[in-house]
Amino acid sequence: QGIGRGLQPLSTIIDVGSKLHNAAGNWHTTYTAIPHYISKSLCSVFVNDTRYMEFDFGKKESGLLEVMLLLNATGSHQAVLGTHAKILYGNTPKDIIEVHTSYAGRMAPLPDWVNEGGAVVGWEGGTAAARSFLRQLRANNVSVAGLWLQDWTGLRVDPFGKRLWWNWELDEDWYPGWSDLVKEVRALNDARMTTYVNPYLASTIAEEKKKYRRNLWLEAANLGYLIKNSSGQPYIQSSASRHFTFSTVDLTNPAATTWFKRVLRCNMLGDQSGCDGNATAVEGASGWMSDFGEYVPFDAVLYSGEPAETVHNKFPELWAKCAHDAVEEAGRTGDVTFWSRSASARSPSYSTLFWAGDQLTSWDEKDGMQSAFRAILS
């Protein structure tokens, strides 16, 4: 995706400010790489492969399809010379989608509190700001299904702007009286509290965060639960600025996945049985933005031994499954909704909801309302 996706002059300004990342993106950048298409003649092809590929629709010959696979990008000896493709049959587009989702999975219906309660409204700024916002909602009789506080872990500032602390525990200085706040939200016609998480851990907690209970990056690094670089050390990446550094939980490692599920259960879902040591479960949320998932570098080293170029497009599915299983193990299936930004072919088997990244509040076709409609339709 990106910020602007080619809309000028915004895209140029964004890229000047984020030279490491080209954060503006362009018309074809996406968080969701699924090698499946349906043509107007009801020809449908799905490639069961997560490596990089290109579909060539520019040929004049009828029915010609070219797929390019990038093999052995990291020098791995496990590269597979070959792929599997399925040709799907149906009398209507809906028939073809039904065939495809019999493999890819079908999302469960949303909980009643999401469907019937009203809007899920986003705010931030700490407890006092959230309470002031709730008073405005009550005063104006706004129908509210949930309050979304993405900054529940606290705010940090870097050259790119206001950012979140990617250390997935409640910042009690930023949000004192959290349990009471959750109850106040629930008093709004059974509205729910929702938060934010991603599969990355900030690597500078000890140096830069004033107060914390657990340094999740350090825990994961000591346990060998982070994606590694070619030297066998935790792979440290940066997000939007060189000052914001993080590592990725290696979800190809079953032990790392179990550890991270317990973090979600204890620190987000309020499940005491998911807590480790003397940790105490925080009053539970009923949903969250399940952000990112598309950052696995092609030169990373994974626990599973798979080439990183294979895992890159598969990781969003692993991330959605991790969240799905955490909800299930906490006994909250059917009650908790998390919304995913990235996706792989089988993500609908695990995710409860998707959103298409952060569009601009504009009407343009690059990154505004028109782009959002196209994303929804596809």
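Modeller: A salt bridge is a side-chain nitrogen of Lys or Arg within 4 Å of a carboxyl oxygen of Asp or Glu. Keep in mind that this is a predicted model.

Biologist: How many salt bridges does that rule give?

Modeller: The count comes to 21. One of them pairs arginine 131 with glutamate 184, with the closest N and O atoms 2.8 Å apart. Arginine 131 sits in helix α4 and glutamate 184 in helix α5, so the pair ties together parts that are 53 residues apart in sequence.

Biologist: What is the relative accessibility of arginine 131, and of glutamate 184?

Modeller: Arginine 131 has 26% and counts as partly exposed. Glutamate 184 has 24% and is also partly exposed.

Biologist: Is arginine 192 buried or exposed?

Modeller: Buried means under 20% relative accessible area. Arginine 192 has 8%, so it counts as buried. Which residues share its network? Salt bridges with shared partners join Arg186, Asp190, Arg192, Arg332 and Asp335. Within that group, aspartate 190 and arginine 192 have their closest N and O atoms 3.8 Å apart. Aspartate 190 is partly exposed, at 37%.

Biologist: Now a helix. How many residues of α8 are buried?

Modeller: Ten of the 14, so α8 is largely enclosed by the rest of the structure. Among them are Trp259, Phe260 and Leu264.

Biologist: What happens at the start of α8?

Modeller: A side-chain oxygen of asparagine 253 comes within 3.0 Å of the backbone nitrogen of alanine 255. From its first C-alpha to its last, α8 reaches 20 Å, close to the expected 20 Å.

Methods
Residues are numbered from 1 along each chain as its sequence is written. This is a predicted model: local features need pLDDT of at least 70, side-chain atom pairs count only at pLDDT 80 or more; totals for chains, interfaces and linings use all residues. Side-chain values use heavy atoms; hydrogens and water are left out. Helices (H or I, at least four residues) and strands (E, at least two) are DSSP runs, numbered from the N terminus. The expected span of a helix is 1.5 Å times one less than its number of residues. Buried means under 20% relative accessible area, exposed over 50%, partly exposed in between (1.4 Å probe, protein chains only). A polar contact is a pair of N or O atoms within 3.5 Å; within protein, one must be able to donate a hydrogen and the other to accept it, and residues adjacent in sequence count only if both atoms are side-chain atoms.
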